[in-house]
Amino acid sequence: MAYYPVFLLSLLVVVATPHGIHAVEYIVTNNAGSSAGGIRFTNEIGVEYSREALTSATDFIWSIFQQNTDADRKDVQQVTLIIENGEGVAFTNLNNNEIHVNANYLGDYSGDVKREFRGVIYHEMAHVWQWFGDQNTPGGLTEGIADFVRLKADLAPSHWVQPGQGDRWDQGYDITARFLDYCNSLRDGFVAELNKKMRTGYSADFFVELLGKTVDQLWSDYKAQYGN
């Protein structure tokens, strides 16, 4: 797979956005060159839309996670978005808060590419701001919380599972996001409280502490509610 160097059709945009006293600097770079995805990004999405999506995602996530002050949040000063020719959809490198979006995915996407791009950004930005239980949170829960953010932002794609579907609560992504939405309906702000608890560690007992039932009991109730 060809990889285009930064200097080839590369565009760099930097924006510092104040949120109260916390300013986050956003850097957007298109390294996808003249690939189909790189051209589609430039023509149909663009750096201005990307900047707005990053800013809006941060504000929305702070609200969903109830991270109202700097003390509630990670000390993230800069987030970099890189559009590049790669594989998969996207990933976030938390060592330097870089979000990498695959231009090939954008180039091949057959639906509303701006809406899909925005949904991907909201998911990846959730990884930037969520807590990981000192690296002990199950991966499926981590991804489920990120997709929960996407769900609550009304950015769920049509191919996601319907409520009640799935084999395990920690299966991840849309399956876990739907389950977390159910849990959140039992206690408004549940996901925010769960995330706060995971700032320093993780325990399945968090579900009991917040909802009075084990996560397996909650999963059984959830499945039963939808006849599954």
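**Exercise 1. Strands side by side**

Task: In which sense do strand 3 and strand 5 (residues 98–102) pair, and over how many bridges?

Solution. Let's go step by step through this predicted model.

Step 1. Follow strand 3 and strand 5 along their length: they pair in the parallel sense, with five bridges.

Step 2. Pick out a facing pair. Ile-83 has Val-101 of strand 5 opposite.

Step 3. Six of its seven residues are buried, so strand 3 is largely enclosed by the rest of the structure.

**Exercise 2. A hairpin**

Task: In which sense do strand 4 (residues 90–93) and strand 5 pair, and how many residues lie between them in the hairpin?

Solution. 

Step 1. Strand 4 and strand 5 are joined by four bridges and pair in the antiparallel sense.

Step 2. Strand 4 and strand 5 form a hairpin, with four residues between them. In that turn sits Asn-97, which has a positive phi of about 55°.

**Exercise 3. Reading a helix**

Task: How many residues of helix 5 (residues 173–186) are buried, and which helices do those buried residues pack against?

Solution. 

Step 1. Begin with the span. Helix 5 has 14 residues and reaches 20 Å from first C-alpha to last, close to the 20 Å expected at 1.5 Å a residue.

Step 2. Count the buried residues. They number 10 of the 14, so helix 5 is largely enclosed by the rest of the structure. Among them are Ile-175, Thr-176, Phe-179, Leu-180 and Cys-183. The buried set also includes Asp-174, Arg-178 and Asn-184.

Step 3. Find the neighbours. The buried residues of helix 5 pack against helix 4 (139–152), helix 6 (190–197), helix 7 (205–211) and helix 8 (215–225).

Step 4. Zoom in on one residue. Thr-176 belongs to helix 5, and it is buried, with a relative accessible area of 0%. Beyond neighbours within four places in sequence, Thr-176 is in contact with Gly-140, Leu-141, Gly-144, Trp-169, Asp-170 and Gln-171.

**Exercise 4. Salt bridges**

Task: How many salt bridges does the structure hold, and why does the pair Glu-116 and Arg-150 tie together parts that are apart in sequence?

Solution. 

Step 1. The structure holds 10 salt bridges. We will look at some of them.

Step 2. Glu-44 and Arg-40 form a salt bridge whose closest N and O atoms are 3.2 Å apart. Glu-44 and Arg-40 are four residues apart in helix 1 (residues 36–64), which means that about one helical turn separates them. With 20% as the cut-off for buried, Arg-40 at 15% relative accessibility counts as buried, while Glu-44 at 37% counts as partly exposed.

Step 3. Glu-116 forms a salt bridge with Arg-150, and here the closest N and O atoms are 2.7 Å apart. Glu-116 lies in helix 3 (residues 113–129) and Arg-150 in helix 4, so the pair ties together parts that are 34 residues apart in sequence. Both Glu-116 and Arg-150 are buried.

Step 4. Lys-213 and Asp-221 meet through their side chains in a salt bridge of 2.6 Å, N to O. Lys-213 is partly exposed at 34% relative accessibility, and Asp-221 is partly exposed at 28%.

**Exercise 5. A glycine in its setting**

Task: Where does Gly-107 lie, and which residues does it touch?

Solution. 

Step 1. Gly-107 is found in helix 2 (residues 103–108).

Step 2. Its relative accessibility is 28%, so Gly-107 counts as partly exposed.

Step 3. Setting aside residues up to four places away in sequence, Gly-107 touches Ala-36, Gly-37 and Arg-40.

Step 4. For a sense of distance, take Phe-65: Gly-107 and Phe-65 are 42 residues apart in sequence and 32 Å apart in space, C-alpha to C-alpha.

Key: Residues are numbered from 1 along each chain as its sequence is written. This is a predicted model: local features need pLDDT of at least 70, side-chain atom pairs count only at pLDDT 80 or more; totals for chains, interfaces and linings use all residues. Side-chain values use heavy atoms; hydrogens and water are left out. Helices (H or I, at least four residues) and strands (E, at least two) are DSSP runs, numbered from the N terminus. Buried means under 20% relative accessible area, exposed over 50%, partly exposed in between (1.4 Å probe, protein chains only). Contact means heavy atoms within 4.5 Å. Two strands pair if DSSP finds at least two bridges between them. The expected span of a helix is 1.5 Å times one less than its number of residues. A salt bridge is a side-chain nitrogen of Lys or Arg within 4 Å of a carboxyl oxygen of Asp or Glu.
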